[in-house]
Number of protein chains: 2
Amino acid sequence: MNLLLISNSTCAGEPYLRYPLPAIGEFLSGIRRAVFVPYAAVTFSFDEYERRVAERFAELGIEIFSVHRAADPAQAVAEAEAVVVGGGNTFALAKKMQEQGLMAAILRKIETGTPYVGWSAGSNVCCPTICTTNDMPIVQPESFAAIGAVPFQINPHYLDANPEGHAGETREQRILEYVEANPDRYVAGLREGCMLRYADGRLSLIGSRPMRIFRKGVEPREVNPGDDLSFLL
Amino acid sequence: MNLLLISNSTCAGEPYLRYPLPAIGEFLSGIRRAVFVPYAAVTFSFDEYERRVAERFAELGIEIFSVHRAADPAQAVAEAEAVVVGGGNTFALAKKMQEQGLMAAILRKIETGTPYVGWSAGSNVCCPTICTTNDMPIVQPESFAAIGAVPFQINPHYLDANPEGHAGETREQRILEYVEANPDRYVAGLREGCMLRYADGRLSLIGSRPMRIFRKGVEPREVNPGDDLSFLL
């Protein structure tokens with residue numbers, strides 16, 4: 001499989017999809033047209049989402065076709081040169097993907113080597129479940145099960161601290177609850193500005209910040225770009 | 001119905017349940033024993049949770065009995081003088097409450113006037129659904145439907161800003177996604193240190209900070225303690 005799983009589309013103060021674009025271009029080298037899944041969009045339309053992403057991918061010479069315009073979205077995936085799943089609300093994304101059979105269609109397709117690019121919610125749904133999303137459960141999907149292209153969970157937008165004076169759980173506390181309830185899974189806390197690339201059977205961290213690894217019974221620890229991540233696979 | 005729906009157990013730097021204790025004492029005046037639902041606890045035991053809460057409620061002269069020790073938890077609720085639901089992970093709480101039939105049992109019981117106290121996840125589950133929780137979906141409940149004692153949604157631990165430099169959605173953005181997907185519901189963003197009291201047919205905000213009100217198509221707005229909140233009912 002060939003996966004590029006990006007923490008977040010946009011770093012604070014930067015234009016949309018600016019920082020990951022060079023890595024996307026390198027990863028999708030040779031691809032001329034990608035099928036896009038826009039269903040994480042909630043407060044703006046799927047048309048608008050397709051337009052925004054198409055504008056950015058045009059800089060790479062890649063045309064975007066959004067599945068919301070396909071008569072048969074699963075068939076569009078089956079015929080894709082590459083699959084791109086955008087961020088937004090993970091529950092809205094999972095619900096619509098499940099309704100249209102896209103979790104299974106995408107897994108079947110990317111198992112044959114078709115490249116997959118996701119960011120934020122689009123990285124979450126590539127995991128076994130959506131259980132490590134940060135998003136609000138605004139709608140109820142059929143199930144928390146997702147594509148399952150990798151055997152570990154990603155927490156995108158991983159952040160270390162709460163705003164000062166806020167007593168709600170930190171992200172680390174939330175993930176420690178997840179590993180307590182799911183003792184057989186690793187969680188990779190992927191900080192903003194970072195991504196995971198899986199290609200040629202090898203998983204790599206790309207970015208300038210370490211990634212935080214969680215598993216039940218093990219002290220959380222940091223891994224750095226260049227480190228061996230094969231334990232996650 | 002008689003409800004005390006508290007944003008959070010503990011403000012930063014304060015002892016556990018310190019700030020809401022006087023309001024709980026006044027609300028539960030005359031009560032000698034309360035049934036406690038500990039199922040939001042994930043990283044510590046239900047016994048430990050019962051002990052912590054019992055220690056605090058002892059200051060009010062109220063004995064705590066946790067449903068995890070009952071042979072028939074729904075029956076324990078049916079016989080309760082008061083029902084107390086503690087915070088933690090909302091998904092873990094909802095899952096176990098649904099498995100034990102406690103959503104329906106609590107609604108039946110509090111419809112007869114039995115007082116209900118909840119904080120954080122315990123306030124979330126008093127709403128029609130758990131869809132405005134901040135928690136990570138670490139386990140999948142049967143449904144997002146909850147007790148439904150009030151017709152609006154509470155977002156506990158409501159906070160205004162992200163940590164500086166973080167590009168993930170703000171809480172307001174998350175709630176605006178919720179109201180977009182659920183246009184018939186109000187959401188009350190209940191800041192830390194605040195609570196809602198419903199008694200004698202009247203809903204009141206208690207605390208020193210305003211509450212932020214969201215509804216689809218309406219500009220978010222602040223309400224203050226003393227304001228008429230009947231529009232939420």
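Guide: Leaving out residues up to four places away in sequence, Pro128(A) touches Phe144(A), Ala145(A), Ala146(A), Gly148(A), Val150(A), Pro151(A), Phe152(A), Gln153(A) and Arg185(A), where contact means heavy atoms within 4.5 Å. This is a predicted model, in which local features need pLDDT of at least 70 and side-chain atom pairs count only at pLDDT 80 or more, while totals for chains, interfaces and linings use all residues. Residues are numbered from 1 along each chain as its sequence is written, chains are lettered from A and ligands numbered from 1 in the order in which they are written, and side-chain values use heavy atoms, with hydrogens and water left out.

Visitor: Why does Pro128(A) count as buried?
Guide: Buried means under 20% relative accessible area, exposed over 50%, and partly exposed in between, with a 1.4 Å probe and protein chains only; Pro128(A) has 13% relative accessibility and therefore counts as buried. Pro128(A) is found in the loop between α6 (121–124) and β6 of chain A, helices (H or I, at least four residues) and strands (E, at least two) being DSSP runs numbered from the N terminus.

Visitor: And in chain B, why does Thr129(B) count as buried?
Guide: Its relative accessibility is 16%, so Thr129(B) counts as buried. The side chain of Thr129(B) reaches the backbone nitrogen of Cys131(B) at 3.0 Å. Apart from neighbours within four places in sequence, Thr129(B) is in contact with residues including Phe144(B), Gln153(B) and Tyr178(B).

Visitor: What makes β6(A) and β7 of chain A a pair, and in which sense do they run?
Guide: Two strands pair if DSSP finds at least two bridges between them; β6(A) and β7 (residues 187–191) have 4 bridges, in the parallel sense. Within β7(A), Gly189(A) is the bridge partner of Asn155(A).

Visitor: What makes β6 and β11 of chain A edge strands?
Guide: An open sheet of 4 strands runs in the order β6-β7-β10-β11 in chain A, with mixed pairing, and β6 (153–158) and β11 (218–223) each pair on one side only. From one strand to the next the twist averages 20°. Helix α7 (residues 171–181) of chain A packs on this sheet, touching β6, β7, β10 (211–215) and β11, and its direction makes about 170° with that of β6(A); axes are lines fitted to C-alpha atoms, for helices over the stretch in contact, and angles run from 0 to 180 degrees between N-to-C directions.

Visitor: Which residues of α7 in chain B are buried, and what do they pack against?
Guide: They are Arg171(B), Arg174(B), Ile175(B), Glu177(B), Tyr178(B) and Val179(B), and they pack against β6, β7 and β10 of chain B.

Methods: Polar contact = N/O pair within 3.5 Å; in protein donor to acceptor, adjacent residues only side chain to side chain.
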